[in-house]
Amino acid sequence: MSKLEFQDNQETTNNKPTTTTESITICQENEETKEENTPKFTSEEIAELLKTAEQHKSNGNNLFNEQKYEEAIELYEKALETCPIEKTKERAVYLGNIGACQVKMNKQKEAVEACTKALEEDPTYTKVLFRRAQANEKIATHSSTSSALEDYEKLSTDPIHKSEKIVLDNRNLISNAIKRLPPKIKELQKKEYDEMMGKLKGFGNTLLGKIGLSVDNFQTVKDEKTGSYNIQFVNTPNKDGEGGSEGSSSNS
């Protein structure tokens, strides 16, 4: 074998695809590295960290009562940074308190985000689910109101939540919301659709105006036989958008 052939064979061997066994070994090594990088505490250390976190929360609560919401958030965030990740219920409380501050500051979107994170830590946290429903309702978009309705229905029907004090104290509010929100959702959906179509029409008119046309020069006409729609060109539309058509193109 020539020296050149030997080098080619050596390079092929070095560049061979990673086998399944090698992939598994790499994954195991990555998991071990991840575990090594994750702080590990003794039970005594966890208790001490939790004690510090709870002190931050207590100080934050005092600031909340003084209506110093931004300062309170800072302390709740310190509590989160200190609290061990194993203590999910405590972490949920700190996040829920941040959400409560955001509500007071009329930052409903931020409140929803904080409450959602709290529920990821503790899905049984009824007070935060109720708070998120109220914040989403105040945002008052089609999407947020739909989410609010889902949360209210969950509060009303899920055994985890429906017997909790926060729900029992607000049963009328929750049941009224479940009745009241569906028509509001439809109204918001239509409103947002009309706004979107208005923007699209304005954009279309901007482009067509360069050639002396507007979107009113094009109409959709349903073919009763096939159920498809045709786009017809209207030469001189009147104020109602009607006029003589000069051509059409199919648009099913």
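This tour moves through the structure in a series of selections and states what is found at each.

The model is predicted: local features need pLDDT of at least 70 and side-chain atom pairs count only at pLDDT 80 or more, while totals for chains, interfaces and linings use all residues. Residues are numbered from 1 along each chain as its sequence is written, and side-chain values use heavy atoms, with hydrogens and water left out.

**The whole chain**

Begin with the entire chain, coloured by secondary structure. There are eleven helices and three strands; helices (H or I, at least four residues) and strands (E, at least two) are DSSP runs, numbered from the N terminus. Along the sequence the pattern is α-α-α-α-α-α-α-α-α-α-α-β-β-β. Of the 252 residues, 27% count as buried, where buried means under 20% relative accessible area, exposed over 50%, and partly exposed in between (1.4 Å probe, protein chains only). Among the contacts with a separation of 6 or more, 43% are accounted for by residues 24 or more positions apart; contact means heavy atoms within 4.5 Å.

**Helices 3 and 4**

Next, select residues 43-65, which form helix 3, and residues 69-82, which form helix 4. Two packed helices are described by the angle between their axes and the distance between the axes. Here the axes come within 8 Å and cross at roughly 170°. Helix 3 is therefore roughly antiparallel to helix 4. Axes are lines fitted to C-alpha atoms, for helices over the stretch in contact, and angles run from 0 to 180 degrees between N-to-C directions; angles under 35 degrees count as roughly parallel, over 145 as roughly antiparallel, 65 to 115 as roughly perpendicular and the rest as oblique.

Show the side chains at this contact. Those from helix 3 include Leu-49, Ala-53, His-56 and Phe-64, and those from helix 4 include Tyr-69, Leu-75, Tyr-76 and Ala-79. The residues of the contact divide into nine nonpolar, six polar and three charged. In this scheme Ala, Val, Leu, Ile, Met, Phe, Trp, Tyr, Cys and Pro count as nonpolar, Asp, Glu, Lys and Arg as charged, and the others, Gly among them, as polar.

Now centre on Lys-57, in helix 3. Lys-57 counts as buried, at 19% relative accessibility. Leaving aside neighbours within four places in sequence, Lys-57 is in contact with Tyr-76, Ala-79, Val-93, Tyr-94 and Asn-97. Lys-57 and Ala-79 are 22 residues apart in sequence, and their C-alpha atoms are 6.1 Å apart in space.

Move on to Gln-67, in the loop between helix 3 and helix 4. Most residues other than glycine have a negative phi. The phi of Gln-67, however, is positive, near 65°. Gln-67 counts as exposed, at 59% relative accessibility.

**Helices 5 and 6**

Select residues 88-104 for helix 5 and residues 108-121 for helix 6. The axes of helix 5 and helix 6 come within 8 Å and cross at roughly 170°. This makes helix 5 roughly antiparallel to helix 6. Among the residues making the contact are Leu-95, Gly-96 and Gly-99 of helix 5, with Ala-111, Ala-114 and Cys-115 of helix 6. The contact divides into eight nonpolar, five polar and four charged residues.

In the loop between these helices lies Asn-106, whose phi is near 60°, a positive value in a residue other than glycine. Asn-106 is exposed, with 59% relative accessibility.

Then select Gly-99, placed in helix 5. Gly-99 is buried, with a relative accessible area of 0%. Beyond its neighbours within four places in sequence, Gly-99 is in contact with Ala-111, Ala-114, Cys-115 and Arg-131. Between Gly-99 and Arg-131 the separation is 32 residues in sequence and 8.0 Å in space, C-alpha to C-alpha.

Continue to Thr-126, found in helix 7. Thr-126 is buried, with a relative accessible area of 4%. Not counting residues up to four places away in sequence, Thr-126 touches Leu-155, Ile-160, His-161, Glu-164, Ile-166 and Val-167.

Finally, select Ala-100, Val-103, Lys-127, Phe-130, Arg-131, Gln-134, Ala-135, Lys-138 and Ile-166, which line the largest pocket. The elements that give two or more residues to this lining are helix 5 and helix 7 (126-139), and the largest share, six residues, comes from helix 7. By class, the lining has five nonpolar, one polar and three charged residues. The volume of the largest pocket is about 160 Å³. On a 1 Å grid over the protein atoms alone, a cavity is a set of points where a 1.4 Å probe fits but cannot get out, and a pocket is an open set with protein on both sides within 12 Å along at least five of seven lines; lining residues have an atom within 4 Å of a point. Grid points are joined across faces, edges and corners, and a volume is the space filled by probe spheres set on the points.
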